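User: I am new to reading protein models and would like to go through this one step by step. Could you show me the structure and then take my questions in turn?

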Amino acid sequence: MNINTDINNNTNNNNNPSIDSPVLKKVYPQMLEHISLHGHPNIPLGNSDGRACHTLRRLYVKKELSDKDLELLQEMQFRFSFDDIYEQLDFEEMVGRLLAYEDEFRVNFQIPKKYAPDPELGAWVAAVRRIGPSLIDSRQRERLDGIKFAWVSTRKCGSQFMDGYRGLKMSFIQELGCNDNYADTDFEKLGMDEALEYIMQFSDKDEFVDTWQRVFANDSKSKKWLRSQRETHKKGILSDLRVQYMDQLHSELGLDW
């Protein structure tokens, strides 16, 4: 099977190879076009073709792709998962790619997660932010701080989602503040960001489990909001940016979502 030949012949869909998966068969011409434009077949989320690629990844995890389709995707260098991208890619190489992006666009490192020319870079930056400065390797944090990396994305994420997200964090802070060892700490006066920074530095994470249990026992709105995010994610339609926010709750505050 010759991918380069298929790219050259992509104007005629009848030249497509024999494909078993209806999803792959439908998106294959668009993947070839993406290769010709960007050098890879990993169409980002944001349209029906990107969602089809996302579906192919789910089919791969569920072992529902034929050996023939797997061989074709591997030959195309299709990335089956971005989950471990931070661990898989060389840190200094990615910093170099990040600096090249910033040098070209001058946007304070606000690279979109769905960056079509280099989806690995967008996913890697999202993973770095998800891990956060408090948990990442100290030497790598110093390297990123040295280039003035923006640890927080300024890209928008729907207001209704963010209202629920902030409400959940505030409920956590308030419940944690009820513990005896925080009697002298005025979290309300600190504000949410400073309170979270204090919690990350001085709190024993073993107490987070009990705190979350109290949150969901006393705050039905937050409990309903979290259940909605879980269900949306289970259906595979929770956006990458929202997944990033939810994963940050897990890495920083131990929320099992």
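Analyst: A word first on what is meant by a helix here: helices are DSSP runs of H or I with at least four residues, and they are numbered from the N terminus. Please keep in mind that this is a predicted model.

User: In which helix does Ser251 lie?
Analyst: The helix to look at covers residues 240-253, and Ser251 falls within that stretch. The helix that holds Ser251 is therefore α14.

User: Is Ser251 buried or exposed?
Analyst: A residue counts as buried when its relative accessible area is under 20%. For Ser251 the relative accessible area is 18%, and because this value is under that cut-off, Ser251 is buried.

User: Which residue has its backbone oxygen 3.0 Å from a polar atom of the side chain of Ser251?
Analyst: Leaving out residues up to four places away in sequence, Ser251 touches Arg130, Ile131, Leu135 and Lys205. One of these residues also places its backbone oxygen 3.0 Å from a polar atom of the Ser251 side chain, and that residue is Arg130.

User: How many helices and how many strands are there in the chain?
Analyst: Read from the N terminus on, the elements run α-α-α-α-α-α-α-α-α-α-α-α-α-α. The count for the chain is 14 helices and zero strands.

User: How are helices α6 and α7 placed relative to each other, and at what angle do they pack?
Analyst: Helix α6 covers residues 91-105 and helix α7 covers residues 119-131, and their axes are 10 Å apart. The two helices pack at an angle of about 105 degrees, which makes α6 roughly perpendicular to α7. The contact is made by Phe91, Met94, Val95, Arg97, Leu98 and Tyr101 of α6, together with Glu120, Leu121, Trp124 and Val125 of α7. Sorted by kind, the residues of this contact are eight nonpolar, no polar and two charged, and the angle asked for is about 105 degrees.

User: Which residue has a backbone oxygen that the side chain of His40 reaches at 2.8 Å?
Analyst: His40 lies in the loop between α2 and α3, and with a relative accessible area of 12% it is buried. Apart from residues up to four places away in sequence, His40 touches Met31, His34, Ile35, Ala116, Pro117, Asp118 and Pro119. The backbone oxygen that the His40 side chain reaches at 2.8 Å belongs to Ala116.

User: How far apart are the C-alpha atoms of Ile43 and Ala116?
Analyst: Ile43 is found in the loop between α2 (22-38) and α3 (48-61), and at 8% relative accessibility Ile43 counts as buried. Although Ile43 and Ala116 are 73 residues apart along the chain, their C-alpha atoms are separated by 6.6 Å.

User: Which residue caps the N-terminal end of helix α8?
Analyst: Helix α8 covers residues 138-146, and the backbone nitrogen to look at is that of Arg139. A side-chain oxygen of the capping residue lies 3.0 Å from that nitrogen, and the capping residue is Asp137.

User: What is the relative accessible area of Thr211?
Analyst: Thr211 is found in helix α12, residues 208-218. Leaving aside neighbours within four places in sequence, Thr211 is in contact with Phe172, Glu175, Leu176 and Asn179. Thr211 is buried, and its relative accessible area is 0%.

Note on methods
Residues numbered from 1 in each chain as written. Predicted model: local features only at pLDDT ≥ 70, side-chain atom pairs only at ≥ 80, totals over all residues. Heavy atoms only, no water. Polar contact = N/O pair within 3.5 Å; in protein donor to acceptor, adjacent residues only side chain to side chain. Axes fitted to C-alpha atoms, helices over the stretch in contact; angles between N-to-C directions. Parallel < 35°, antiparallel > 145°, perpendicular 65-115°, else oblique. Contact = heavy atoms within 4.5 Å. Nonpolar A, V, L, I, M, F, W, Y, C, P; charged D, E, K, R; others polar. Buried < 20%, exposed > 50% of the residue type's maximum accessible area, 1.4 Å probe, protein only.
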